Amino acid sequence: MPLPKDNLLFGYASKLTDEQRKFVDSIFDNQVTIVNACAGSGKTTLAVACSKVMNRDLVYIFSPVEENVLGYTPGDVFEKEEKYTIPLKDALLEINEDPSRAIVSTDNFQNVKNGTAWVTPMSHTFARGTNIKGNKFVIIDEAQNFTRSELKKVLTRIHDSVRVVIIGHDKQCDLENPLKSGFVPYINFLQDEDYVQVCELTHNFRGKLATKADQMSW
């Protein structure tokens with residue numbers, strides 16, 4: 001079930017590169033899409049746009065790298081996590097969605113009452129014990145910053161009815177020990193499953209400086 005021909009995906013469809021088209025088509029065709037994508041490749045924006053086009057409630061899951069600090073940050077869960085949702089908010093703005101209306105939050109519960117909220121951000125820290133099922137769309141963003149156990153914790157919460165996009169970049173890990181990242185191990189572990197497709201996005205649309213900087217090896 002590739003992207004419907006009469007749906008321009010918020011104006012992006014006619015401009016997609018071959019890699020981006022493969023990524024978008026995979027989201028429509030497969031339960032799980034894993035993308036190893038460079039910086040500035042449009043990965044989060046395209047995934048959020050697909051969630052909206054598919055009319056699925058979005059659960060946006062991220063890893064707070066400073067997890068030990070997170071528990072001591074003042075405020076409620078939404079306030080603690082707000083700084084990690086900037087890529088999500090940027091993606092929503094790119095598809096002309098107002099984050100204050102689209103994102104569920106305790107300080108603006110009116111958007112839930114009014115039926116405009118369709119996005120729930122959460123860190124893996126609060127995923128334990130959750131049950132993600134029904135007509136949901138899960139984005140696991142910056143997956144290279146999840147350890148194996150953290151990715152396992154999230155993925156074992158997800159029912160077969162849920163569409164999943166795992167987004168990461170194997171060359172931009174923020175973990176103190178990058179060898180603990182679960183992103184590449186899970187690519188290798190899942191890639192042969194018939195409900196999974198692995199994609200790559202290699203073009204950085206931010207420009208020559210961002211592209212060159214991303215190519216720096218340690």
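Strand β1 (residues 32-37) runs parallel to β5, and 5 bridges join the two. Two strands count as paired if DSSP finds at least two bridges between them. Strands (E, at least two residues) and helices (H or I, at least four) are DSSP runs, numbered from the N terminus. The model is predicted: local features need pLDDT of at least 70, side-chain atom pairs count only at pLDDT 80 or more, and totals for chains, interfaces and linings use all residues. Residues are numbered from 1 along each chain as its sequence is written, and side-chain values use heavy atoms, with hydrogens and water left out.

**Strand β5 and its partners**

- Val35 has Ile167 in β5 as its bridge partner.
- Strand β4 (residues 136-140) also runs parallel to β5, joined by 4 bridges.
- Val138 has Val164 in β5 as its bridge partner.
- From β4 the chain passes through helix α8 (residues 148-155) to β5, a right-handed β-α-β crossover. Right-handed means that, with the strands pointing away from the viewer, the path from the first strand over the helix to the second runs clockwise.

**Burial of β5**

- Strand β5 (residues 163-168) is mostly covered, with 6 of its 6 residues buried. Buried means under 20% relative accessible area, exposed means over 50%, and partly exposed lies in between (1.4 Å probe, protein chains only).
- Both faces of β5 are covered. Arg163, Val165 and Ile167 are buried on one side. Val164, Ile166 and Gly168 are buried on the other.

**Salt bridges**

- The count is 3 salt bridges. The rule asks for a side-chain nitrogen of Lys or Arg within 4 Å of a carboxyl oxygen of Asp or Glu.
- Arg21 pairs with Asp25, with the closest N and O atoms 4.0 Å apart. Both sit in helix α1 (residues 18-29), 4 residues apart, about one turn of the helix. Arg21 is partly exposed at 30% relative accessible area, whereas Asp25 is buried at 19%.
- Lys52 and Glu97 form a salt bridge through their side chains, 3.7 Å from N to O. Lys52 lies in helix α2 (residues 43-53) and Glu97 in the loop between α5 (86-94) and α6 (99-102), so the pair ties together parts 45 residues apart in sequence. Lys52 is partly exposed, with 30% relative accessible area; Glu97 is buried at 19%.
- Lys171 and Asp170 meet in a salt bridge at 3.7 Å, N to O. Lys171 is exposed, at 54% relative accessible area, and Asp170 is partly exposed, at 36%.
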